[in-house]
Amino acid sequence: MARDAAEGARVACTALTNPALYDFWEQVFLGEVDTAVLYGGRSSSKTRDTACQLIRLVDHVPARMRVLCIRRFQNRIQESVYTELKWAINHLGLADKYDVQKTTIIHKATGSEFIFYGIERNLEDIKGTSDIDILWVEEAEKLTEDQWTVIGPTIRKEDSLAILLFNPKFVTDYVWQNFIVKTPPHCLVKRINHDENPFLSSKALRDIAAMLESDPEKFEHVYGGVPLGDSELSIFKRRWLEACVDAHKVLKLSLTGRSVIGFDPADAGEDNSATADKVEGVFVDVGDWASEQDQLVQNAKKVWARARNIGATVSYDTIGVGAFVGGYIDEQNEKEGAKVEHFAFHAGGAVMDPDKPSDPQNANSPLNSIEYLNLKAQAWANTARRAMLTFNAVTRGHPIKPEDVLSFASDMGKAKLDALFTELCVPWWVETEGKKRVVPKAKLKKDLGVKSHNLADAVIAADNINMSGSTFTLANL
């Protein structure tokens with residue numbers, strides 16, 4: 001695209017667009033940028049400002065351009081950014097320059113066109129689209145790696161540009177991980193929120209203020225542009241977990257307790273088997289691995305061997321294939337004359353201590369039987385509570401009992417800690433029968449494409465061994 005024309009478009013547009021984005025668009029259009037990422041909370045002007053910039057840019061460039069505009073779902077043209085581009089044309093006083101047709105928008109003088117697709121139903125059509133100058137991806141938080149592998153190559157031309165706009169959803173989202181956490185070369189990233197949008201109506205500002213007042217946790221995600229996993233909507237908060245790294249050393253406390261290996265078993269399929277090693281009160285390692293068909297016995301033996309070597313008890317999830325793990329460990333114990341103890345953690349079972357307060361530090365909190373639907377919910381809440389207490393002790397100097405400290409060894413390595421913390425931070429609370437439960441894995445997979453949180457489940461199993469109601473031991477133990 002012509003740099004001089006782009007500069008002219010920027011100058012002409014400044015009076016009608018968001019001043020907070022002037023520098024961003026200048027770098028996008030005049031610099032060496034291949035991908036521009038604009039993200040943040042709602043009501044931040046991202047979409048409208050982009051529409052204005054592209055409408056003015058196309059009007060100034062004296063050459064035929066093709067702008068491909070895509071989003072996840074588009075059942076009707078009105079559900080795309082088509083409506084925003086129409087608004088921008090009128091807002092900028094350029095109605096006489098464009099031919100707004102039913103399914104496309106064409107610049108009369110140059111023949112430049114805006115094309116609209118929905119990714120979910122038109123991925124192959126997008127793959128076959130060529131000669132694209134600008135790719136605009138709206139709702140980019142929903143992009144998967146497979147989709148981007150198909151869509152990305154549509155912008156092959158020299159000076160072509162991809163613009164990704166999104167409101168962050170989850171820390172596990174492909175776009176978040178690969179454009180925000182790990183920003184690629186020649187990619188410009190800008191975060192913008194409602195407080196930088198000068199065009200909001202008084203009504204919009206009142207609504208935003210009302211949410212901040214009534215539900216600051218929800219506000220942080222919706223208007224603050226904070227992805228779930230760093231947001232208060234998650235069961236675990238990332239900042240809590242980061243404060244738990246080497247917490248026992250920071251707090252100068254000696255932790256005690258049995259050594260436990262949490263085991264989330266899997267057979268063939270998409271799920272991995274996973275383990276979490278908790279040695280003398282500190283999580284020292286986590287790991288997961290894929291399994292072939294009928295490898296549950298081998299997986300159980302693998303965990304048994306490690307438990308025997310470090311003198312640990314195995315706490316395993318009994319749901320599904322896990323129901324047989326105890327028997328396999330018993331067989332191995334008998335065969336080897338060993339004494340590896342194991343506990344069945346039945347996540348779907350009834351809560352422990354149903355008549356006790358759900359918050360041990362608040363006698364007026366709801367009873368466990370009223371607060372939680374099952375043992376899994378109670379266990380996730382218990383470990384999250386310990387993460388919060390550890391965060392308060394590490395960052396705010398609050399007193400804490402050694403048994404309440406949640407500590408992850410830094411020796412585990414950054415990659416493992418990041419993977420574990422991301423898995424712990426994704427799930428949120430849902431209600432069933434008026435009681436809390438952890439959002440089902442099937443919903444995470446179906447709605448968001450999030451893989452099963454196996455490492456997290458292994459940690460929960462290891463950290464809540466005393467909640468288990470079933471014990472398997474050999475007669476000679």
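Y39 is buried, at a relative accessible area of 9%. Buried means under 20% relative accessible area, exposed means over 50%, and partly exposed lies in between (1.4 Å probe, protein chains only). This is a predicted model: local features need pLDDT of at least 70, side-chain atom pairs count only at pLDDT 80 or more, and totals for chains, interfaces and linings use all residues. Residues are numbered from 1 along each chain as its sequence is written, and side-chain values use heavy atoms, with hydrogens and water left out.

The structure holds 12 aromatic pairs. Rings of Phe, Tyr and Trp (its six-membered ring) pair if their centres lie within 6.5 Å; planes under 30 degrees apart count as stacked, over 60 as edge-to-face, and the rest as tilted. Y39 and W176 form an edge-to-face pair, with 5.6 Å centre to centre and 85 degrees between the planes. Y39 lies in strand β1 (residues 35-39) and W176 in helix α7 (residues 174-181), so the pair ties together parts 137 residues apart in sequence. Helices (H or I, at least four residues) and strands (E, at least two) are DSSP runs, numbered from the N terminus. W176 is buried, with a relative accessible area of 12%.

## A tilted pair and a cluster

Y372 and W429 form a tilted pair: 6.3 Å centre to centre, 40 degrees between the planes. This pair links distant parts of the chain, 57 residues apart. Y372 sits in the loop between α14 (368-371) and α15 (375-396), while W429 is in strand β14 (residues 429-432). Y372 is buried at 8% relative accessibility. W429 is partly exposed at 24%.

Ring pairs also join F24, W25 and F29 into a cluster.

## Charges over rings

The charged end of R48 sits over the ring of W87, 4.0 Å from its centre. K302 lies over the face of W289, 3.8 Å from the ring centre. A charge sits over a ring if NZ of Lys or CZ of Arg is within 6 Å of the ring centre and within 35 degrees of the ring normal.

## The eight-stranded sheet

An open sheet of 8 strands runs in the order β3-β4-β5-β2-β6-β7-β1-β8, with mixed pairing. Its edge strands, β3 (98-100) and β8 (187-191), each pair on one side only. Two strands pair if DSSP finds at least two bridges between them.

Strand β2 (residues 66-71) pairs with strand β5 (residues 113-118) in the parallel sense, over 6 bridges. The bridge partner of I70 in β5 is Y117.
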